[in-house]
Amino acid sequence: MNIIKNTAVAVMMLAGLMSAQQVLAKTVKVTMTAMELDLPVNNKGDVKMAAWTFDGSIPGKPVRVKEGDTIDFTLINPAGNKNSHAMDFHAAQVDVLNEFASIKPGQKKHFKFEAKVPGVFMYHCGASSMVQHIVKGMYGVIIVEPKDTKDYPKADREYILIQQQYFPDTENITALLENKDWKGSLINGKMFHYDPVHEPNATQVLESKPGERVRIFFVNANINNPVALHPIAGIWDRVYINGNPKNTLYGIQTYNVAVASGVTLDIVSPADRPTNVAIVDHAMGAALRGAITVLMNKPDADPTKGRGDEILIR
Ligand SMILES: [Cu+2]
């Protein structure tokens with residue numbers, strides 16, 4: 001009798017556990033439309049690029065899910081476009097010839113994948129010539145939040161920064177491949193986007209209060225160059241390689257981010273005074289062409305910044 005009772009309890013517990021997991025893991029619908037349009041790549045707005053984008057902006061919208069979630073993705077390539085496009089999520093483990101295949105103008109592509117590995121991953125268009133689709137702006141970030149948060153303290157604020165090499169001539173594919181004639185570093189689509197110190201037309205900075213833990217989700221969307229990411233007047237408190245807390249480094253001055261890689265970095269400013277930090281690509285050719293981002297730590301920091309949709313400041 002007891003055996004039957006215990007078995008029944010075990011079955012009920014197992015059923016409860018399974019349904020709890022089913023509740024926790026979600027299916028997240030994501031739809032993006034390939035849009036070919038001119039976009040400004042400087043703060044003043046007078047330097048424009050013939051861009052190809054996801055949903056009309058550089059970078060595309062951030063996708064944020066939890067480890068174990070399923071992404072139900074649809075790409076639309078409107079009939080008015082001139083080029084084929086595709087989607088390559090670095091967080092997916094699928095078939096490059098199937099899910100990531102390109103579609104012509106007028107076509108749609110649908111696929112699903114489970115985000116099994118936590119981290120900060122690039123996504124980008126993989127249509128040929130891929131170098132051109134990335135350099136024209138078809139990329140973004142997918143953040144897969146870790147289930148295990150034991151070594152992942154809660155951040156007070158979070159910011160997405162995505163860096164890209166800017167080439168005025170995006171039609172010369174040979175020059176792109178040879179890394180010739182790149183003239184700027186775009187941070188979230190603009191040179192010196194958050195740096196009023198070096199660029200008088202910049203109107204925005206990242207903000208936090210003194211002592212807050214600020215988490216940067218960084219993606220290197222350069223087509224050729226690694227990024228030497230350093231916070232001037234600060235030290236990275238923690239660096240989570242690939243954005244995964246299982247790969248944590250402590251007290252890092254400069255972290256090298258490979259092309260097409262992502263990383264999560266925490267910085268904690270001094271609690272007893274207002275300070276400023278300049279987050280730079282310490283490769284000077286990149287910093288002085290736009291890869292400088294000011295983080296202001298001040299008591300009256302805007303409470304909306306670094307939270308909700310304001311983790312990617314447009
Ligand atoms: Cu494309």
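I take two strands as paired if DSSP finds at least two bridges between them. Strands (E, at least two residues) and helices (H or I, at least four) are DSSP runs, numbered from the N terminus. The model is predicted: local features need pLDDT of at least 70, side-chain atom pairs count only at pLDDT 80 or more, and totals for chains, interfaces and linings use all residues. Residues are numbered from 1 along each chain as its sequence is written.

I looked up the strand order and found 2-1-4-6, an open sheet of four strands with mixed pairing. Strand 2 and strand 6 (108–114) are at the edges with a single partner strand each, so one side of each has no neighbour in the sheet. From one strand to the next the twist averages 20° (axes are lines fitted to C-alpha atoms; angles run from 0 to 180 degrees between N-to-C directions). Strand 1 (27–40) and strand 4 (70–76) run parallel, joined by seven bridges. Lysine 29 faces aspartate 72 of strand 4.

**Strand 14.** I then checked residues 227–232, which run antiparallel to strand 17 (255–257) with three bridges. There leucine 229 has tyrosine 255 as its bridge partner. Strand 14 also runs antiparallel to strand 19 (275–281), with four bridges. Proline 231 is opposite isoleucine 279.

**Domains.** The domain assignment, automatic or from a database, gives domain 1 (27–145) and domain 2 (157–311). Their C-alpha centres are 21 Å apart. I found 24 residues of domain 1 in contact with 31 of domain 2 (C-beta atoms, placed from the backbone, within 7 Å). Elements giving two or more residues to the domain 1 side include strand 7 (119–124) and helix 2 (130–135).

Technical notes:
Contact = placed C-beta atoms within 7 Å.
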